[in-house]
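Q: I'm new to reading protein models. Can you walk me through a few features, one step at a time?

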Amino acid sequence: MTAFLRNAWYMASWSHEVPDGGFLARRFLDKPWVIWRKADGDLVMMADRCPHRFVPLSRGARDGDTLRCGYHGLAFDGSGACAHNPFTGQPLDIARVDVLPVVEKHTGVWFWPGDADKADPALIPDYAFLDHDRPLHRGHLTMDASYELVIDNLMDLSHAEFIHKDSFGVNGSLLSHGQHQVVQDDDGAIWNNWTMPDSTPPSWAVPMLPEGALIDQWLHMRWQAPSCLALFIGLARSGTNRTEMVVPPMADPHILTPATPTSTHYFYTHEPTPEAFALLEQAFLEEDHPILHAQQEAMGETDFWDMRPVILPSDAGAIRVRRRMMQLRRAEAGVAEQ
Amino acid sequence: MTAFLRNAWYMASWSHEVPDGGFLARRFLDKPWVIWRKADGDLVMMADRCPHRFVPLSRGARDGDTLRCGYHGLAFDGSGACAHNPFTGQPLDIARVDVLPVVEKHTGVWFWPGDADKADPALIPDYAFLDHDRPLHRGHLTMDASYELVIDNLMDLSHAEFIHKDSFGVNGSLLSHGQHQVVQDDDGAIWNNWTMPDSTPPSWAVPMLPEGALIDQWLHMRWQAPSCLALFIGLARSGTNRTEMVVPPMADPHILTPATPTSTHYFYTHEPTPEAFALLEQAFLEEDHPILHAQQEAMGETDFWDMRPVILPSDAGAIRVRRRMMQLRRAEAGVAEQ
Amino acid sequence: MTAFLRNAWYMASWSHEVPDGGFLARRFLDKPWVIWRKADGDLVMMADRCPHRFVPLSRGARDGDTLRCGYHGLAFDGSGACAHNPFTGQPLDIARVDVLPVVEKHTGVWFWPGDADKADPALIPDYAFLDHDRPLHRGHLTMDASYELVIDNLMDLSHAEFIHKDSFGVNGSLLSHGQHQVVQDDDGAIWNNWTMPDSTPPSWAVPMLPEGALIDQWLHMRWQAPSCLALFIGLARSGTNRTEMVVPPMADPHILTPATPTSTHYFYTHEPTPEAFALLEQAFLEEDHPILHAQQEAMGETDFWDMRPVILPSDAGAIRVRRRMMQLRRAEAGVAEQ
């Protein structure tokens, strides 16, 4: 198993998932964490393990601006200090839990598992397209596959023609006949761009167009380390040089955070309608997930490259990301070794 | 765990289990395989793993004389070659899946996981007694125990007096008072033969005989490497020197193929009646299986001989098979080492 | 995983759990055992594994003063000797199963897994308070946590104020404001004693007292190696120097025996009423067990000390026991090494 990148921002949850007065417990990078909000609204992210007898603090209860262990009552504040020992009524200096830098941005909660002094919020990937007040369903699910396999999936959308032909109604040979380009930004983002000029529109767009009209269509997937993706979709009338859009440009977050080496949190959004919910359920849980999990089972604990995968031109984006992650992990390991 | 013998014929399925236009996916020798039939009726047995991203091909679909991966659409033909890459519309030379020699014989499908040039169909064990058109139920089940433990079970039928006293109605001390002989054929088959002269008939045979009549009875179990067994049963009127049979001689296949080191495919037949079905279900699933699985659990990953088993005279056939298998595995490993 | 102490008495079951004419199968110290009673009433404790093909003997049946394997019929007597081989009708000297010293005392069945010549019944911990004919429910359950974690739990009853506040109704800060003392007996027993003078009575005792009356209350937990505990409870009217008891002194066994490294048999008693049963179910299964199991999961296979636990003054009893067990294990390993 390859190590997780530590000096990076990961998404822990949507903001609304952390309840006032309560807490949210989740596994990240193969360790248990608990997230809660102080009375002043500030977030706390702490190791979900009491340093006394290792019981998850999430089996305890909130007590003011502390989280109290359910076994012997030690209470920890937002700095990770033991603020109250019931046997003395005093703080207990020798007991501390790890806390991580945590920031609320773009309607999500972000944490930095590495060196705290490097945790610059400006490094959080840009999801400004989520900063609005329109109704939107912000969802979370877990996939039983490595985050790297989910990235592979997203960085090669050509799979949609096979896996998602029933849900998204991608017509038979759209992407495979499209133009494919991989671009790297100055800031390290890697884009996997599909462009389909003069293509037939997807079924849902047909009613918006004159009969038989063709469209220019593009699907741009952006990846930012370690596992933050966003899909930008455009549909324009053919021959208008992208000036006459069929619908406004669309952007969707696909934000991944490793739960364990073989399971992944997946944060996504969709329109707040039952139809959109049903479509995402089908695409993610009935179509993608069985394939990704079968892939994970087939690989077991074997490294991806040791499996000697066949590389296709359509893999260019995914492979570029894997190489970039390898560089970043090596750089981090090198720093740690000095 | 001991290695599986590679240069040998194993049974994959009954012929009727491979559907026209579809496929049959099964685990053999701890790897996933998929079996399908081309339009001309020829069988194909290929690794159930796409060389591109390792998804089981059995999650895809048949497309003419190919099997197409469900993830990105690569299609493989009966030679294991990638005959179609949807991104180019062309074959993809660098992508191949393993295919194995596969032969249909004695109403079953047989495969050879070793060196293909040694795969002589004449080496398939003789089950000619299955080559008939009479109605017969050809069944398959999986036992959660090593194939070697199932062979032990079959090569020492004395267990029937204890495990199967309710199902087969073997009378109390039939085998334990019988004559026992182990014979090895010139072709390597090992026979474990029980003969019970002047014995009381089984309950089902009583109505066919004069009251109080005794019979000569024999149960001959034949083993052929690696795990192909057959039981030959005879019942004759005592004192007729086996000339006056009570019923025609019976022969039953007990063909085993390792699924994993601790689970085994079991191919068997019975008369196509509900009573015969119920009897086999009871004997195999309610009587044999719990004992074999408990035995496997007790052994865990420990080698049989490291468990220091007590050896009884009635184990002679089973022990002879274990020794023969050890010789064959060593010979194969020796060839591989050169 | 630390080794189990071998030269020690462990409780296998309550006497009434071993059925006449049958047997009781249980896992102890990570091995399977079977306990049965001969016609003369003497107990037998033997390895639950046939030496012939390793099937659990508990899948067989009693046959007089033997236990007969269900697979091939070898029958073993109370000395572990194979008394009957159905193929010869004779004993089979080469087949033996391990038997352990086993003693019935204090209404329980005790076994000694170490050197048989050291198995002195006088060393069985004193539970004479169980030797009476009054109705009493003697119960057994299994906790999915190491016996050492269950001992920790019992040797620090301060957890009751947090885990058991709903069941036992321990008032908010009873123990944490009490006096705490750890005492070691000459015979090696370690006592963790809580004394709460002039305290408010538990809710169940309030109706027995004048309104507003205070009590002197004590909870003395006794541990004896390896994992035999007993709780002695007293409630007396304040100011009477413990002469005027509210109820007679109470004593409860809390006897633990490792099933596996991470699961533990728990033997306990309660009054034979539905209310007492419900209270124990709640306290043990709904309150203690989830915490202990979560603790075990958090620790995984890591050694307790390698987890660098914070030590509180209230841990003194539990830590004293862990140190004593370490000494005993080292002494035993040293003897074995000579």
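Q: Why is strand β3 (residues 31–37) of chain B said to be largely enclosed by the rest of the structure?

A: Keep in mind that this is a predicted model. The idea is to count neighbours: a residue is called buried if 20 or more other C-beta atoms lie within 10 Å of its own. In β3(B), 5 of the 7 residues are buried, so the strand is largely enclosed by the rest of the structure.

Q: Okay, and how many bridges join strand β2 (residues 24–28) of chain B to β3(B)?

A: There are 5 bridges, and the two strands run antiparallel. To see the pairing for yourself, find B:Leu24, which stands opposite B:Ile35 in β3(B). Between β2(B) and β3(B) sit 2 residues, making a hairpin, and B:Leu29 in the turn has a positive phi of about 50°.

Q: Which residue of β4(B) is the bridge partner of B:Trp36?

A: That's B:Val44. Strand β4 (residues 43–47) of chain B pairs with β3(B) over 5 bridges in the antiparallel sense. These two strands form a hairpin as well, with 5 residues between them, and here B:Gly41 in the turn has a positive phi of about 95°.

Q: What is A:Ile233 in contact with, leaving aside its neighbours within four places in sequence?

A: A:Leu219 and A:Met250. Also look at A:Trp218: it is 15 residues from A:Ile233 in sequence, and their C-alpha atoms are 5.7 Å apart in space.

Notes: Residues are numbered from 1 along each chain as its sequence is written. Chains are lettered from A and ligands numbered from 1 in the order in which they are written. This is a predicted model: local features need pLDDT of at least 70, side-chain atom pairs count only at pLDDT 80 or more; totals for chains, interfaces and linings use all residues. A residue is buried if 20 or more other C-beta atoms lie within 10 Å of its own, exposed if 12 or fewer, and partly exposed in between; C-beta atoms are placed from the backbone. Helices (H or I, at least four residues) and strands (E, at least two) are DSSP runs, numbered from the N terminus. Two strands pair if DSSP finds at least two bridges between them. Two residues are in contact if their C-beta atoms, placed from the backbone, lie within 7 Å.
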